[in-house]
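Let's walk through this model together, moving from strands to helices. Have the structure open and follow along.

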Amino acid sequence: MADALPESAQAAGAGDVPRGVSSIAGPVMPELLRDERLHEIFAATADRMPEKTALRCGGTRMTYGELRRRSSRVARHLRALGVGRGSPVVIWLPRGVEMYEAFLGVLEAGGCHVALDPDFPPERVLHAAEDCGAKAFITTEEMAGRLAANPPQCAVVRMDEDQGEIAAQSAEPVPRAASGVSAGDAAYIIYTSGSTGRPKGVAISHAAICHFVRSEGSVLGLTEHDVVFQGFSLSFDMSLEEIWTAFAAGATLVVGTRELMHAAGELATVLAREGVTAWSCVPTLLAMQEGALPTLRILNLGGEACPPDLVRRWATPGRRILNTYGPTETAITATWAEVGPDRPVTIGRPLPNYGVHILGEDQSPVLLGETGELCVSGPGLAIGYVNRDDLTREKFFLHPALGRLYRSGDLARINADGDIEFLGRIDTQVKIRGYRVELSE
């Protein structure tokens, strides 16, 4: 059985792993591992093409150069409030240009952004701010009013009311030496559903997310001529996949404003008018669409299982359809497959420098074709859970042969072609529009 498996599907990585077991490595590409911070990926593009349009948001267009200047002013304003290396900063803003200024500013200041959906209830927002120990809280005057009865216990920045103070700051970028941020520091925290009924924060380092941007970027092949739809909420990590692969390539982001997202089943028709060439979405949203979207050349599906009939419906000559898999704890995506109407839909193989290992109850890799728990290795693994050392130890562990692994709680197997087949959950967790939800929550 092992001899029938492609060389790329043989045992991945650290230590002595027998052939013929379910351990598979992505291509080894050390050049994707760079000494960089997440905001520096954007800054490099802004330096290279400052007049290129970075954002289209309703009737507003903003170039890379202008967005960089605005975010640097936000960074300096935050630093004046005490935000520095590793400081968590909550971002609770409506969809719009200010949202991008805010998270870029937080990163440049040396902080760690904690983006929350504008529709989250106040109690969930305040829980996240308290749990992560927020140093600052970025919002608007109207949204801050929703928290008037129990305001966050940190500095509050109102992007509308404080615009004069922010604009008075220097637009000179904050250098890395000043912020002191290291590759191992957290770049962001995503709050996901928790089994206790309270959301849990997943901390991702600059090194992990930067590697992901380079790794998936090598697969997507975006260019500066692409127009990428940014539809996911910043509280969902697939938004970072949209944003940062586009910024790295110098592409233009079309921001999914509240009005645009209300297009529902007509969204594809609207995106065609916007000239969108790359779209990441969950299969349930794609299944609602009636339009053909002829401008689309890359369709990146993830967040939930992909039905084969959806692939058949959307496959056209010249369009690449990718099916991806990855928990938040692995920096968004760990595996990918290029799917088509004439082949089975799987979650494919690991991205460059990632490894996937199907383990049994004794934590050893099962034989090829057998079912076990899908575990992930590689440079994209999270730092761990915020204030949950017990859960971090449970879900992240050091395997004697495979190195540090993340236990996904997903069941999978590797088939005879060397592709990973997703088989559902071990526990009671479910997915709703791509979001992982514990039934207890």
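In this predicted model, strand E14 (residues 320–325) pairs with E15 in the antiparallel sense, over 5 bridges. To find your place along that pairing, look for asparagine 323, which stands opposite alanine 337 in E15. E15 also has a partner in strand E16 (residues 349–350): the two run antiparallel and are joined by 2 bridges. Here tryptophan 336 has arginine 349 of E16 as its bridge partner.

Now turn to the side chains of E15, which spans residues 335–339. Thr335, Ala337 and Val339 make up its covered face, while Trp336 and Glu338 lie on the uncovered one. In a regular strand, side chains alternate between the two faces of the sheet.

Next, the helices. Helix H2 covers residues 64–80, 17 residues in total. From its first C-alpha to its last it reaches 24 Å, close to the 24 Å expected at 1.5 Å a residue. Its buried residues are Tyr64, Gly65, Leu67, Arg68, Ser71, Ser72, Val74, Ala75, His77 and Leu78.

Finally, how do helix H3 (residues 97–109) and helix H9 (residues 238–249) cross? Their axes come within 13 Å and cross at roughly 75°. Angles of 65 to 115 degrees count as roughly perpendicular, and H3 and H9 are therefore roughly perpendicular to each other. H3 brings Tyr100, Phe103, Leu104 and Leu107 to the contact, and H9 brings Ile243, Trp244 and Phe247. By class, this contact of H3 with H9 has 7 nonpolar residues, with no polar and no charged ones.

Definitions and conventions
Residues are numbered from 1 along each chain as its sequence is written. This is a predicted model: local features need pLDDT of at least 70, side-chain atom pairs count only at pLDDT 80 or more; totals for chains, interfaces and linings use all residues. Side-chain values use heavy atoms; hydrogens and water are left out. Axes are lines fitted to C-alpha atoms, for helices over the stretch in contact, and angles run from 0 to 180 degrees between N-to-C directions. Helices (H or I, at least four residues) and strands (E, at least two) are DSSP runs, numbered from the N terminus. Angles under 35 degrees count as roughly parallel, over 145 as roughly antiparallel, 65 to 115 as roughly perpendicular and the rest as oblique. Contact means heavy atoms within 4.5 Å. Ala, Val, Leu, Ile, Met, Phe, Trp, Tyr, Cys and Pro count as nonpolar, Asp, Glu, Lys and Arg as charged, and the others, Gly among them, as polar. The expected span of a helix is 1.5 Å times one less than its number of residues. Buried means under 20% relative accessible area, exposed over 50%, partly exposed in between (1.4 Å probe, protein chains only). Two strands pair if DSSP finds at least two bridges between them.
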